[in-house]
Amino acid sequence: MSGLAMPKPDAATLSRRAEIVADLARIVPGEGVVDAVNEMRAFESDGLTAYRQLPLVVVLPETTAQVSKILKYCDERGIRVVPRGSGTSLSGGALPLEDAVLLVMSRFNAILDIDFMNRCVVAQPGVTNLGITRAVEEDGFYYAPDPSSQIACSIGGNVAENSGGVHCLKYGLTANNVLGVEMVLMNGEVVRLGGKHLDAEGYDLLGIMTGSEGLLGVVTEVTVRILRKPETARALLIGFPTSEQGGQCVADIIGAGIIPGGMEMMDRPAIHAAEDFVQAGYPLECEALLIVELDGPGVEVDHLIGLVEAIALRNGSTTCRISTSEEERLRFWAGRKAAFPAVGRISPDYYCMDGTIPRKELPRVLAGMRELSQQYGLRVANVFHAGDGNLHPLILYDANLPGELEKAEAFGADILRLCVKVGGVLTGEHGVGVEKRDLMPEMFSQADLDQQMRVKCAFDPNHLLNPGKVFPQLRRCAELGRMHIHAGKMPFPDIPRF
Amino acid sequence: MTTFTPTSAEEVLSAVQWAVSESAPLEILGHGSKRGIGRPPQTGHALDLSSLTGVTLYEPEELVLSARAGTPLAEIENLLAQNGQELAFEPMDYGPLLGGQQGRGTIGGALSANLSGPRRIKAGAARDHILGITAVSGRGEAFKAGGRVVKNVTGYDLSKAMAGSWGTLAAVTDVTFKVLPGAETETTLVLSGLLDDAAVAAMAVAMGSSAEVSGAAHLPETASARIDGLPKGAATVLRVEGFGPSVAYRINHLKQAFGLGAEAVTISAEASKRLWRAIRDCAPFADGTEKPVWRVSMAPNEAHRLVMALRMQTAADAFYDWAGGLAWLRMEHESEAELLRGLVKKLGGGYATLVRASAPQRAANAVFEPQPAALAALSARLKAEFDPQNILNPGRMG
């Protein structure tokens, strides 16, 4: 991946840079255009910091009308556009292109409507995920999806990536919690999908938009549903001598009809790193540590804790602690939440992967990872959204050692291939972006990818919006549209009979 | 007229390829249980997927089930029930409303119509539970999308694109759904005698409480009288599902919120299930007639205003699901689409679908809510990318 091939910059666009900057400044007056190199530095990378590229120019619109004008302007002139929210993407979804306008949505930062009667919030896309909860928590409500970057990541970016979080097994992903969006197409047209009602009719364009990684349109307004906060939450901290036992415990909990609010697993290296960092009181002798959080009315939580405890014992747990106070619950979580920085302390750099697997394959995948770890000579620590099979292996490496980043990336790619091989997928919540782009053929045939690209053609026929992301090889829409079967030319001498 | 009845995905591919090469439009069918919804198709041939059956994967502990698209929904629901699981989106059965049999319909049809039920407000619709598909596009090409795991953002979510597409984008051959544990028990609290606006306010209180209400419907007096087991008069019903002790606690919580004591009416277990099945399947209007029935989705606090505004101009029988956000309307007159949709627009938007009407009425009216120009153009482009020759269910959504 380090030798990442991005679309060839368009020389004509590069040569017209001054004119483009001036035109954009007319569309977004004031301080809405950033073209000085030192000021553009802040935008040259997102959460995937191994990749950097200065954009052609940065534009920060404030209104939907401005977004529409910018996109129309660029569409008519064949100028590429890369949209960006808070820039927290872990897959390089907001990586700039040398010849592309970087469209930064951070000034769309207002909450437009809080509607308790209809239990929804209407927000501009630059509002942070946590900002929505903050706006309604005084009244006892919250927005359920909680990606770990929630303090910084924007709700518009959440729509682009279909963000999850530790609570999504029970409460769903972004796609299940967004009711509507206003968006601008590359040709400048403004469309509304959904609203405060459920299930917009016609094709589920909202479903397609969610997780489309900024390739189909630019979201300018988001309506999300909000929920009443559960009355209480308690957690169990359960240690197992083997990951198999931990995995079986997870399966048995779900088999018993229990869907916990959160269910997280860590492996031995992750447990040790976290414990060294925050002293959460994690048992250090176990191979797998499970945090199970149950939320709801106290009587339900107490009832379920009893059931989960019994299941854990049946599966040979060596420790099982149950939080008795909010403080203790948060301490259980402290290690898990600090797992990434904790790993960052024991290694100069780490590379965070994001595959999903059928849960039962966990022991096999962990074993495969151990083998790969030896083969590549790099350590790996694992945190795992155990309820939904979303695995985050953290590969430890040192970017200052020549060739080590490439080695870490090759290791990561092998892990993802393994995930696909056991029936899983390349990415559970971080997105394909540029990072996993070239691995897409591991999961999809050319026919599958072609059909996805045709969807892109319906939204952006000239491939101007965020090109170089998601698809390993962009094919022209005219070529994709060509039919392989033609009327009259008979692949079928007869009507098929069956 | 040729009817293809493929028994494998390969045969579906052959049939669609034949249709493409002959420019011969196909009606895509499962059991035909929802055939009465949408514009009558303009096709000379049919692709009947009801023989493409069988559950191909079911792993209860992984919460996942895969099946061929023509597998009967009833068969899948039975299999899940044997393992204490269910399709949490509670797919409605249009049979009784459309004058057909009960218990028909395929899993592919459930996806294509994006079915849901009263639990939509908590658990979502078919779109929220589909994990992956394989399908044959109107280009005569097989493709897959999604996978078998819940958390997956690899590529565009073309599985969701099939939800509510009524077979106009691709002939789906295989589906993979997320399944969930069914509730141990359920209880419904009945609030009696509320007028529509008071009922909607009460449902907002219930939905905004921590009682985790999984069904909130209001049946005005006439609708209530057509459902067995409800006390006389208007009934606002609130369903709570889950583990026994939790259900009891949360029902109590709701009673307190409404200042109700021992006199409060509750309906439990099987009787509650029957009640919600009746609401789900629009039983109050399953009257064996072809009187127009509309399904209107709006912001929860707006649908009752729509009904009041409508009644100033015409006769409309109504009841509400989704905490007020779904209004079922039975009209006395045909051709009131413009009036109805004008009011929906005026009251904050949403959509109105003509789910029951005579074939001539369905041919003459836009069954689905007409879209603004830019959105309609985008939808048309999407259709063309999947089905450039308009081979699959042409005109059905038109």
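How far apart do the end C-alpha atoms of residues 51-229 of chain A lie?

## The annotated span

They lie 39 Å apart, and the span is 23% helix and 26% strand. Helices here are DSSP runs of H or I with at least four residues, strands are runs of E with at least two, and both are numbered from the N terminus. A UniProt record (unreviewed entry) puts "domain: FAD-binding PCMH-type" at residues 51-229 of chain A; such annotations may be inferred rather than shown by experiment.

This is a predicted model, where local features need pLDDT of at least 70, side-chain atom pairs count only at pLDDT 80 or more, and totals for chains, interfaces and linings use all residues. Residues are numbered from 1 along each chain as its sequence is written, while chains are lettered from A and ligands numbered from 1 in the order in which they are written.

## A four-stranded sheet

Chain A has an open sheet of 4 strands in the order E1-E2-E4-E3, with mixed pairing; strands pair if DSSP finds at least two bridges between them. At the edges sit E1 (33-34) and E3 (80-84) of chain A, each pairing on one side only. E3(A) runs parallel to E4 (residues 100-104) of chain A, joined by 5 bridges. A:Val82 has A:Leu102 in E4(A) as its bridge partner.

## Helix H16

H16 (residues 404-421) of chain A has 18 residues and reaches 25 Å from its first C-alpha to its last, close to the 26 Å expected at 1.5 Å a residue (1.5 Å times one less than the number of residues). Just after H16(A), A:Gly423 takes a positive phi of about 100°.
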